Amino acid sequence: MTRGYAAVVGKIPAPGLVLGGVCGIQFGAAFAPRVYPQVGAAGVVFLRLLIAGVLLCLWWRPRRQALNSVKGAWGTVIGAGALLAGHHLAFYEAVKHIPLGAVATIEFLGPFVIALAGSRRWVDLLPACLAAGGVLLLSGGGVPLDPGGLALAAVAACCWAGYILVSSRMARRLSGGHGLALAVLWAALLSAPYGVAHAGSALLDPGVLWVAAVVAVASSVLPYSLNLEALRRIPPRVFGVLTSLEPAAGALFGLLILGQRLAWPQWLGIAAVAFASIAATFLGAGERPKSRETAKGEPAPGGRPSQAERDDITVPVE
């Protein structure tokens, strides 16, 4: 089954994998509030991560020996899981206070910063200024946004940026989704005390479990598996830029599923952030390593980057 999955996913271009993940995440975020009255955001996060972690472990069957053989693998997995737990809790709590489109836009600033982190040219300040203007329009352009919700969305942005960097390292060091499965399961364990304390026995309600299962598959199992494969083919900086449609997807799913409406200046702000990301894509295109040669001067097998290229695409953090 894993070979069949790899064969199918291998035929999909990396941008298609990223965009598929974007839509899945935002659909799940819009679907989850159906059970907020019963278990709250904390309960949804715990069930989503738990179900996703179990499914991913059954699918990939990670083995301790495989991780023990790779230096630093366990630390990377633990770090990725902790960032996932923090991101999920902050994101879903934020959706309780402000529209999904606004949460997705603020959250997107995390990967957007990654997209600009390696730049050293003044022209790269242009998309940054455009994104900042978009956030200003979003926060003060019509529908009032709760400051607490904005703060939670900012926390989600920081966690998501960290997850991109850590999971990129995990994708390069570990084959398949073995590290991902353990990271999601670890995130579920970290969120368990908070989820159980807030939801209690309501977590066992069949209606709640059904919604949580849909959210887990749509927002965790498929997107994170697709993203992990995409991160094997493209640098984290480019991955961050390709998620430029996430704010618009969040606003659209929030409108269609939750009936959350935004004023036209706020839609304009979302568009500004998206266009800033697109601008960063074109401005940074010339900085990407173009060589696909190995140390011996031969193309890397399967069209994948060689070890030298992988070292080149590491995102600098200052």
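**Close-up views of a predicted model**

View 1. Arginine 61 is exposed, with a relative accessible area of 64%. Exposed means over 50% relative accessible area, buried under 20%, and partly exposed in between (1.4 Å probe, protein chains only). This is a predicted model: local features need pLDDT of at least 70, side-chain atom pairs count only at pLDDT 80 or more, and totals for chains, interfaces and linings use all residues. Residues are numbered from 1 along each chain as its sequence is written, and side-chain values use heavy atoms, with hydrogens and water left out. Arginine 61 sits in the loop between α3 and α4 (64–68). Helices (H or I, at least four residues) and strands (E, at least two) are DSSP runs, numbered from the N terminus. The phi angle of arginine 61 is near 50°, a positive value in a residue other than glycine.

View 2. Histidine 87 belongs to helix α5 (residues 73–95). Its relative accessible area is 5%, so histidine 87 counts as buried. Contact means heavy atoms within 4.5 Å. Not counting residues up to four places away in sequence, histidine 87 touches Glu107, Ala156, Cys159, Trp160 and Tyr224.

**View 3. The largest nonpolar core.** This core has 88 residues, and Phe91, Tyr92 and Leu180 touch the most other members. Helix α3 gives the largest share, 12 residues. A nonpolar core is a set of buried Ala, Val, Leu, Ile, Met, Phe, Trp, Tyr and Cys residues joined through side-chain atoms within 4.5 Å. In soluble globular proteins, nonpolar side chains tend to be buried together. Tyrosine 92 has contacts that include Gly28, Ala29, Tyr36, Arg48, Val215 and Ser219, not counting residues up to four places away in sequence.

**View 4. A nonpolar patch on the surface.** Leu50, Val54, Leu55, Leu58, Val217 and Leu222 form this patch, with about 480 Å² of accessible area together. Two or more of its residues come from each of α3 (36–60) and α10 (206–233). The largest share, four residues, is from α3. Patches are made of residues with over 30% relative accessible area and no salt bridge; like charges are joined within 9 Å, nonpolar side chains (Val, Leu, Ile, Met, Phe, Trp, Tyr) within 5 Å. Areas come from the Shrake-Rupley method with a 1.4 Å probe; for residues, only the protein chains shown count as cover. Leucine 222 is found in helix α10. At 49% relative accessible area, leucine 222 is partly exposed.

**View 5. Two salt bridges.** A search of the whole structure finds two salt bridges. A salt bridge is a side-chain nitrogen of Lys or Arg within 4 Å of a carboxyl oxygen of Asp or Glu. One joins lysine 96 to glutamate 93 (3.4 Å, N to O). Lysine 96 is partly exposed at 45%, while glutamate 93 is buried at 12%. Glutamate 229 pairs with arginine 233, the closest N and O atoms being 3.4 Å apart. Both residues lie in helix α10, four residues apart, about one turn of the helix. Glutamate 229 has 12% relative accessibility and therefore counts as buried.

View 6. A disulfide is a pair of cysteine sulfur atoms within 2.5 Å. By this rule the count is zero. Cysteine 158 is in no disulfide; the nearest cysteine sulfur, that of cysteine 159, is 6.9 Å away. Cysteine 158 is exposed, with a relative accessible area of 57%. Cysteine 57, at 16% relative accessibility, is buried.
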